[in-house]
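Please report on the fold of this chain. Cover overall dimensions, the pairing of strands, and a few loop residues with their backbone angles.

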Amino acid sequence: MLQINNLYKTFRGVQALSDVCLTLEQGCVLAIVGDNGAGKSTLMKCISGVSVPDRGSIIFNGQPLAAGDPSASRDAGIEMIYQDLSLCSQQDVLTNIFLGRELKNGIFANRNLMATECTHILKTLGLTLSLDSIVGNLSGGQQQSVAIARALITKPQLLVMDEPTAALAVKEVKTVLEQIISLKNQGVSVIMITHRLVDVFEVADRVIVMSHGKIQHDIPTHATNLADLTLKIVTA
């Protein structure tokens, strides 16, 4: 599904990515770990079209992605959820999920149609959440779920998540991880950047360790453990 070939990216003389190569199959969960500044977020921004690589190529479903074009990545079937979620805290759940992508009846938003679609998506995520709830009043885990639901509106084939469980309580972490597994079971591929190594072993099929803009290790999750993965990160 996804193939990245020899990707390079430099910011003001700093090598953010260096000869990065990876592949990802449909319905797989890939965890990317590493210290701050390892190149994880830069790689994800190149995939989502936010950043333009200096060299290399990104192939998705056999077609090259247009560099630096987020709309082209989205149209191809790639969605990204950033750590800050970019939700409108004063608006309700329904408005947030369809913000900028409203379903319309003529010139007016068709809230009934959007509500039907939202209810279906939330159900696939195992959620019972009032569409009229103001997002700012929701818990961190509920807001993360709203961000996931918003990404699923376009029916993506690849979902990229930046630290999806970083600020959540234990119970909410479990809910978000269950949603990732549900997406995998539906054939959606997921790339998850995380510092929570325990989450890697809950949901990921593979784990990549990055350091200094390079992929230092790319291994099946079952072939490592928490102590070994931690050692790989600190010695990369």
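## Loop residues and sheet

N61 lies in the loop between β4 and β5. Helices (H or I, at least four residues) and strands (E, at least two) are DSSP runs, numbered from the N terminus. The model is predicted: local features need pLDDT of at least 70, side-chain atom pairs count only at pLDDT 80 or more, and totals for chains, interfaces and linings use all residues. Residues are numbered from 1 along each chain as its sequence is written, and side-chain values use heavy atoms, with hydrogens and water left out.

**Positive phi.** Most residues other than glycine have a negative phi. N61 is not a glycine, yet its phi is positive, about 55°. K155 is not a glycine either and has a positive phi of about 55°. K155 sits in the loop between α5 (140-152) and β9 (158-162). R12 takes a positive phi near 50° in the hairpin of β1 and β2, which has 2 residues between the strands.

**Exposure.** Buried means under 20% relative accessible area, exposed over 50%, and partly exposed in between (1.4 Å probe, protein chains only).

| Residue | Relative accessibility | Class |
|---|---|---|
| N61 | 39% | partly exposed |
| K155 | 61% | exposed |
| Q91 | 37% | partly exposed |

**Q91.** Where is Q91 found? The loop between β6 (78-81) and α3 (93-98) holds Q91. Leaving aside residues up to four places away in sequence, Q91 touches N96, S133, I134 and V135. Contact means heavy atoms within 4.5 Å. Q91 and I134 are 43 residues apart in sequence, with 5.5 Å between their C-alpha atoms.

**The open sheet.** Strands of a sheet pair through backbone hydrogen bonds, either parallel or antiparallel. Two strands count as paired if DSSP finds at least two bridges between them. An open sheet of 4 strands runs in the order β2-β1-β4-β5, with antiparallel pairing. β2 (14-24) and β5 (63-64) stand at the edges, each with a single partner strand, so one side of each has no neighbour in the sheet.

Strand β1 (residues 2-11) is joined to β2 by 7 bridges, and the two run antiparallel. L7 of this pairing stands opposite V20 in β2. F11 stands opposite V14 in β2. β1 is also joined to β4 (residues 55-60), by 5 bridges and again antiparallel. There, Y8 stands opposite R55 in β4.

**The whole chain.** The protein chain has 8 helices and 12 strands. Its radius of gyration is 18 Å, close to the 18 Å that the globule rule gives for 236 residues, so the chain is as compact as a globular protein of that length. The radius is taken over C-alpha atoms, and the rule is 2.2 Å times the number of residues to the power 0.38. The C-alpha atoms fill a box of roughly 50 × 40 × 30 Å along the principal axes.

Buried residues make up 47% of the 236 residues. Of the contacts with a separation of 6 or more, 66% join residues 24 or more positions apart. The accessible surface comes to about 11300 Å², and 50% of that belongs to carbon and sulfur atoms. Areas come from the Shrake-Rupley method with a 1.4 Å probe; for residues, only the protein chains shown count as cover.
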